[in-house]
Amino acid sequence: MHLSTHNWMRAEPLETTVRRIKKFGYESIEISGEPDQYDTKEARALLKETGMRCWGAVTLTLGDRNLAAKDEGQRARSVDYVKSVITMVSELEGEIVTLVPATVGKVVPDATPEEEWGWVVDATKECFGHAQKLGVKIAVEPLNRFETYLFNRAAQALALADAVSPECGVCLDAFHLNIEEDDIYDAIRLAGDRLFDFHVADNNRFAAGLGHLDWKKIVETLKSIGYDGALTNEFVAPVDRTPAAPYPNMVETNPVDISPEQLKFIQDHGSSLLTEEFYADQMRITAETLLPLIK
């Protein structure tokens, strides 16, 4: 196992992120699924120069991106988007794409379960085929019920992976597991060798170590199933706008280069634009919590 991190939680130059996480002992990055934001040649050169690597990317399934959409054109555009993320990961010499099939924040279905299942299986198969050609793994990620109605538990993600291919896997996230699963550890064991990626944030979605999750037991369970991938940091710190705020300086007040869609995506998660000082501290805390357990 090694420590990785997402970077969609704060808009900043990739170089800033990479040099910071290198200092804290991270080995890779799971890059934001927005291929238009990156020149892959420049990004690859930066990673090699810093001794880092791309673990993969996560699809940012926002706006009208939805592999289970009722509208055929919308599904086709969503497939094209996922394929572009897969291509980006391949060009960055990464290994995996974490796939969130349905629009994040959409909690009301458009059709019957049977119709949506057929659409999402067919769309995911097309994405998987593209990934296989490029040597990239696909891992289906379930989110909690407040972010999607489609897949919330490990068993559901495995059902989609099974319908696609024995070589399709799943990604689990400790924050979502804590909400949706009867037993976090049983969910990890259920995924077994189909677990291709594991995302980390504490029960309150702050950095690992700032909540009540038992990280020692989580890492031990991952080791027991032979998991040897990344623990990918994905804190989405909730913003407290009251005088009770424990971190009064966490919100960025200076203009930041971020698209309206991505800003909405972050705000819909209960977070905001974070200051560099607060963001860096969350990265540090995750590393100090997890690295001793990995090693």
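Predicted model: local features only at pLDDT ≥ 70, side-chain atom pairs only at ≥ 80, totals over all residues.
At 7% relative accessibility, Phe278 counts as buried (buried is under 20% relative accessible area, exposed over 50% and partly exposed in between, with a 1.4 Å probe and protein chains only). Residues are numbered from 1 along each chain as its sequence is written, and side-chain values use heavy atoms, with hydrogens and water left out.

**Aromatic pairs**

- Rings of Phe, Tyr and Trp (its six-membered ring) pair if their centres lie within 6.5 Å; planes under 30 degrees apart are stacked, over 60 edge-to-face, and the rest tilted. The count by this rule is five aromatic pairs.
- Phe206 and Phe278 make an edge-to-face pair, with 6.5 Å centre to centre and 75° between the planes. This pair links distant parts of the chain, 72 residues apart: Phe206 is in the loop between strand 7 (195-200) and helix 8 (215-224), and Phe278 is in helix 10 (residues 276-294). Helices (H or I, at least four residues) and strands (E, at least two) are DSSP runs, numbered from the N terminus.
- Both Phe206 and Phe278 are buried.
- Tyr247 and Phe278 are also edge-to-face, at 5.2 Å centre to centre with 65° between the planes. Here the partners are 31 residues apart, with Tyr247 in the loop between strand 8 (230-233) and helix 9 (260-268) and Phe278 in helix 10.
- Tyr247 has a relative accessible area of 31%, so Tyr247 is partly exposed.

**Charges over rings**

- A charge sits over a ring if NZ of Lys or CZ of Arg is within 6 Å of the ring centre and within 35 degrees of the ring normal.
- Arg65 lies over the face of Tyr81, 3.7 Å from the ring centre.
- Lys137 lies over the face of Phe196, at 5.0 Å from the ring centre.

**Salt bridges**

- With a salt bridge taken as a side-chain nitrogen of Lys or Arg within 4 Å of a carboxyl oxygen of Asp or Glu, the count comes to 19.
- Glu49 and Arg19 meet through their side chains in a salt bridge (2.7 Å, N to O). Glu49 belongs to helix 2 (residues 40-50) and Arg19 to helix 1 (residues 14-24), and the two are 30 residues apart. Glu49 is exposed at a relative accessible area of 51%, whereas Arg19 is partly exposed at 39%.
- Arg65 lies in the loop between strand 3 (53-59) and helix 3 (72-91), and Glu34 in the loop between strand 2 (28-33) and helix 2, so the pair ties together parts that are 31 residues apart in sequence. Arg65 is buried, with a relative accessible area of 18%, and Glu34 is buried as well, with 12%.
- Arg145 and Glu180 form a salt bridge at 2.9 Å, N to O. Arg145 is in the loop between strand 5 (137-140) and helix 5 (154-164), and Glu180 is in helix 6 (residues 174-180), 35 residues apart. Arg145 is partly exposed at 45% relative accessibility, while Glu180 is buried at 10%.
- A network of salt bridges links Arg10, Glu12, Arg20, Glu252 and Glu276.
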